[in-house]
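Please look at the sequence and structure below before reading on.

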Amino acid sequence: MLLAVLRLAARLPLSWFHGAGAALGWLVYACSPKYAARLRANLYGSGVCSGDAQCDALRRRAISEAGKGMLELIAVWFGSDAKVARLAVACEGWEVVEAARARGKGIIIVTPHLGCFEMVSLYFVQRLPMTVMYREPRVVWLEPLMIAGRSRWQATVVPANLRGVRRFYRTLQHKGTVGLLPDQAPGAGEGVWADFFGRPAYTMTLAGRLQRATGAAVIMVYAERLPRGRGYHMHFEELPTAHFDEAALNRAIEAQVRRRPEQYLWSYYRYKAPPGAEAPPAKA
């Protein structure tokens, strides 16, 4: 029943979701002091803005963009195939995907929490198969909605557990493509501390381990959210793999975030220490 309602709602224009989403972003910010404090602390501490006026203006835009990211999921996950295909109105850098395929070592797509990150896999799987990993949500009834939204065209969805990791390795060994969120906080034993905007962040090691084991190309992608609900601009950029590690990964994410800092999910709890993990290194 809920799925049917969401598919019906997804017929509305993307501009409507973005307009209502901007208002929702401010509502959440006003009603959750913890959310608001984390967004401000992460944004102001990142160094992507300087001075009270500039940082306050960026904060306001980030609040609205975060709300857009919440509601646009209805359009992206539950819109018809034809409508979702039309949401990506521009693409920059797809040629790096074709070049990586020609080398025949597999592809690792890394998508930070920037812009409409859910749009990335849906754009890709219209053209090529990809296996994507998802983390089970805390709210149980959201899981089937998440899987339904991501499972279309040539997508294979696997859980973020040992079975999913094994599936990633097999996919790359067969010259396929896998996709993951590289700035998602991993569990204890699944990450190392690496600087992210000048602060130690527990950073997943999976991307590096996959690359070193298979020789796969690493391509960073984000879907830039265009004004007035016009759609999304896809950006593909291949990362160097000669010295690819967690620090290099975080630097690459930082470079992308600086291009559209208002569209990064600053409210995400990026700097938490997972239970059981070693303490972050002390700053000199």
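At 59% relative accessibility, Cys31 is classed as exposed, where exposed means over 50% relative accessible area, buried under 20% and partly exposed in between (1.4 Å probe, protein chains only). The model is a predicted one, in which local features need pLDDT of at least 70, side-chain atom pairs count only at pLDDT 80 or more, and totals for chains, interfaces and linings use all residues. Residues are numbered from 1 along each chain as its sequence is written, and side-chain values use heavy atoms, with hydrogens and water left out.

- Cys91 is in no disulfide, and the nearest cysteine sulfur, that of Cys116, is 15 Å away; a disulfide is a pair of cysteine sulfur atoms within 2.5 Å.
- With a relative accessible area of 34%, Cys91 is partly exposed.
- The disulfide rule gives a count of one.
- That disulfide joins Cys49 and Cys55, with 2.1 Å between their sulfur atoms.
- The disulfide of Cys49 and Cys55 is right-handed, because the torsion about its S-S bond is about 105 degrees.
- Cys49 is buried at 8% relative accessibility, and Cys55 is buried at 9%.

**Overall build**

- The C-alpha trace spans about 55 × 45 × 35 Å along its principal axes.
- Of the 284 residues, 53% count as buried.
- Contacts (heavy atoms within 4.5 Å) were taken between residues at least 6 apart in sequence, and 76% of them join residues at least 24 apart.
- The accessible surface is about 13,400 Å², with 57% of it belonging to carbon and sulfur atoms. Accessible areas come from the Shrake-Rupley method with a 1.4 Å probe, and for residues only the protein chains shown count as cover.

- Seven strands make up an open sheet of mixed pairing, in the order 1-9-8-2-5-3-4; two strands pair if DSSP finds at least two bridges between them.
- Strand 1 (88–92) and strand 4 (155–159) are the edge strands, each pairing on one side only.
- From one strand to the next, the twist averages 25 degrees.
- Helix 9 (residues 162–173) packs on the sheet and touches strand 2 (107–110), strand 3, strand 4 and strand 5. The direction of helix 9 makes about 160 degrees with that of strand 3; axes are lines fitted to C-alpha atoms, for helices over the stretch in contact, and angles run from 0 to 180 degrees between N-to-C directions.

**Strand 3 and its neighbours**

- Strand 3 (residues 130–134) pairs with strand 5 (residues 177–180) in the parallel sense over two bridges, and Val132 has Gly179 of strand 5 as its bridge partner.
- Strand 3 also runs parallel to strand 4, joined by five bridges; the bridge partner of Met133 in strand 4 is Val158.
- Five of the five residues of strand 3 are buried, so this strand is largely enclosed by the rest of the structure.
- In a regular strand the side chains alternate between the two faces of the sheet.
- Met130, Val132 and Tyr134 point one way from strand 3, and Thr131 and Met133 point the other way.

Methods:
Helices (H or I, at least four residues) and strands (E, at least two) are DSSP runs, numbered from the N terminus.
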